[in-house]
Amino acid sequence: MTVSSRAQVGIIGAGPAGLLLSHLLALRGVHSVVVENRSRAYCEARQRAGLLEAGTVELLRAVGLGARMDAEGLEHGGIYLQFDGERHHLDFRDLTGGRWVTIYAQTEIVKDLIEARLAAGAQMEFEVSGTEVTELDSGQPVLGFTDSAGTRHEITCDAIAGCDGFHGICRDSMPPGLVTVAERGYPYAWLGILATVPPSTDELIYARHENGFALHSMRTPQVSRLYLQVPADEEIARWPDDRIWAELRRRLGPPGWELKEGPITEKAITPMRSFVASPMRYRRLFLAGDAAHIVPPTGAKGLNLAIADVTALAAALTSLLRDGQAERADAYSDRCLTRVWRATHFSWWMTSMLHVDPSADRFGAELALAQLRYVISSRAAATTLAENYTGYFPLTWLPQAEVMPRAQGPGEQGGQRRGHSGLGQ
Ligand code: APR
Ligand code: PHB
């Protein structure tokens, strides 16, 4: 038996993109259904990035999702760049006129979003299978899936949002030949660990060492997050904990600085690639987040791009479905891709400058070092890094009048803060 129903927006994927889109649409009175093939527990436990641009933080605050982020997030006004055995500080607030970043793990944002959506009575289905999108040429696309109890559903939608990540089905559901892909592989990967030990630094350290890149990040005042460049086809079994700490000490430590060590609670290798699919829309099917684009993690743009996409998509779908205006929906793909390509360039640039390319000759290595020396010695170059790192283009905001009034939920800040006037677009 198949159960048929209707929704204004069908959302595939309960990652940050799908969940935030559902939240932003609800604020504007647009009803959505979210379907996700993993369990809630899996989505909430998945370890991903953890660095929010200033505009992302401001958006989350403005839409009532700032309470725990403001209590537990760590605000950073800069980073350290390390190479040739020396550490240099970049002061983002000074370079950008006050912009900053916040450390708050993606997994915590996902928990906050799921809690907020469930508290608002949202329709969310976890552990679905057989997700399909059909009838794309009809103007009323259909979202099909089988729920966790085995019942098949077909939801007729006014629009479908493909927020189903890089391995999802939405990108490939577009007509053959429509989507073009631009991509770049990298000859290395990141081995990332979570360790129960206070961070050994106040702000993130990005280090280029002759053995490869290393990054000292963090999650909380008690938990450190660290990464090492490893070969693209590396096996995790070759990295027992002692070897990881020894290599982190070697790559991160200028003389006189000590790396604190503690129990490793998570260890994984992540491949690196740049990937951009365009267009991000076919009729009433819209792609957002990793479903449309992937960046290498250096500079932490992936989550921020996903949030920027759905901020634009929520405005576009509201205009289309509530007000009957198609301009924003028509502009959605081009508008997102402009930001995506800026972040794609920045992530590629940071990655190439900071990693040791095993196939590069002396010329390639010297170019990377020359670029690093330029960044720490020229205010113009440092500003370029700082304005991209803290978010370029900063998210912009729609007038408050476009946001539907709503009751304020428990623990939510709601409304406006720090002079901002409404939802971003
Ligand atoms: N049906 C239902 N859900 C699906 C399907 C499917 N066929 N395929 C994938 N999904 C779900 C995945 O299980 C996942 O929970 O879609 C969700 C996609 O979420 P993310 O991969 O987190 O992607 P997104 O929301 O775009 O967030 C991007 O994640 O990978 C990081 O660096 C990236 O931080 C960025 C963020
Ligand atoms: C992280 O904390 O996971 C992180 C931080 C900065 C990056 C990449 C990852 O550039």
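In this predicted model, ligand 1 is surrounded by 23 residues, and Glu36, Arg48, Gln106, Thr131 and Asp290 are the closest of them. Sorted by class, this shell holds eight nonpolar, nine polar and six charged residues. Helices H1 and H9 each supply at least two residues of the shell around ligand 1. The greatest contribution is from H9, which gives three residues.

Pro16 takes part through a backbone N or O atom, 3.3 Å from an oxygen atom of ligand 1. Arg46 places a side-chain N or O atom 2.8 Å from an oxygen atom of the ligand, and for the side chain of Asp290 the corresponding distance is 2.6 Å. On its own, ligand 1 has 710 Å² of accessible area, of which the protein covers 89%.

Ligand 2 has a shell of 14 residues, with Tyr206, Ser217, Arg219, Tyr227 and Gly299 coming nearest. By class, nine of the shell residues are nonpolar, four are polar and one is charged. Strand E14, residues 212-220, provides the largest share of this shell, three residues.

The side chain of Ser217 has an N or O atom 2.6 Å from an oxygen atom of ligand 2. A polar side-chain atom of Tyr227 also lies 2.6 Å from an oxygen atom of ligand 2. Ala300 uses a backbone N or O atom, at 3.5 Å from an oxygen atom of the ligand. Taken alone, ligand 2 exposes 280 Å², and the protein buries 99% of that area.

| Ligand | Residue and atom | Distance |
|---|---|---|
| Ligand 1 | Pro16, backbone N or O | 3.3 Å |
| Ligand 1 | Arg46, side-chain N or O | 2.8 Å |
| Ligand 1 | Asp290, side-chain N or O | 2.6 Å |
| Ligand 2 | Ser217, side-chain N or O | 2.6 Å |
| Ligand 2 | Tyr227, polar side-chain atom | 2.6 Å |
| Ligand 2 | Ala300, backbone N or O | 3.5 Å |

The two helices that contribute to the shell of ligand 1, H1 and H9, also pack against each other. H1 spans residues 16-27 and H9 spans residues 302-322; the angle between them is about 35° and their axes are 9 Å apart. The crossing is right-handed. On the H1 side, the contact residues are Pro16, Ala17, Leu20, Leu21, Leu24 and Leu25. H9 meets them with Leu303, Ala306, Ile307, Val310, Thr311, Leu313, Ala314, Leu317 and Thr318. The contact of H1 with H9 comprises 13 nonpolar and two polar residues, with no charged ones.

Conventions
Residues are numbered from 1 along each chain as its sequence is written. Chains are lettered from A and ligands numbered from 1 in the order in which they are written. This is a predicted model: local features need pLDDT of at least 70, side-chain atom pairs count only at pLDDT 80 or more; totals for chains, interfaces and linings use all residues. Side-chain values use heavy atoms; hydrogens and water are left out. Axes are lines fitted to C-alpha atoms, for helices over the stretch in contact, and angles run from 0 to 180 degrees between N-to-C directions. Helices (H or I, at least four residues) and strands (E, at least two) are DSSP runs, numbered from the N terminus. A crossing is left-handed if the near helix is turned anticlockwise from the far one by less than a right angle, and right-handed if clockwise. Contact means heavy atoms within 4.5 Å. Ala, Val, Leu, Ile, Met, Phe, Trp, Tyr, Cys and Pro count as nonpolar, Asp, Glu, Lys and Arg as charged, and the others, Gly among them, as polar. A residue is near a molecule or strand if one of its heavy atoms lies within 4 Å of it. A polar contact is a pair of N or O atoms within 3.5 Å; within protein, one must be able to donate a hydrogen and the other to accept it, and residues adjacent in sequence count only if both atoms are side-chain atoms. Accessible areas come from the Shrake-Rupley method with a 1.4 Å probe; for residues, only the protein chains shown count as cover.
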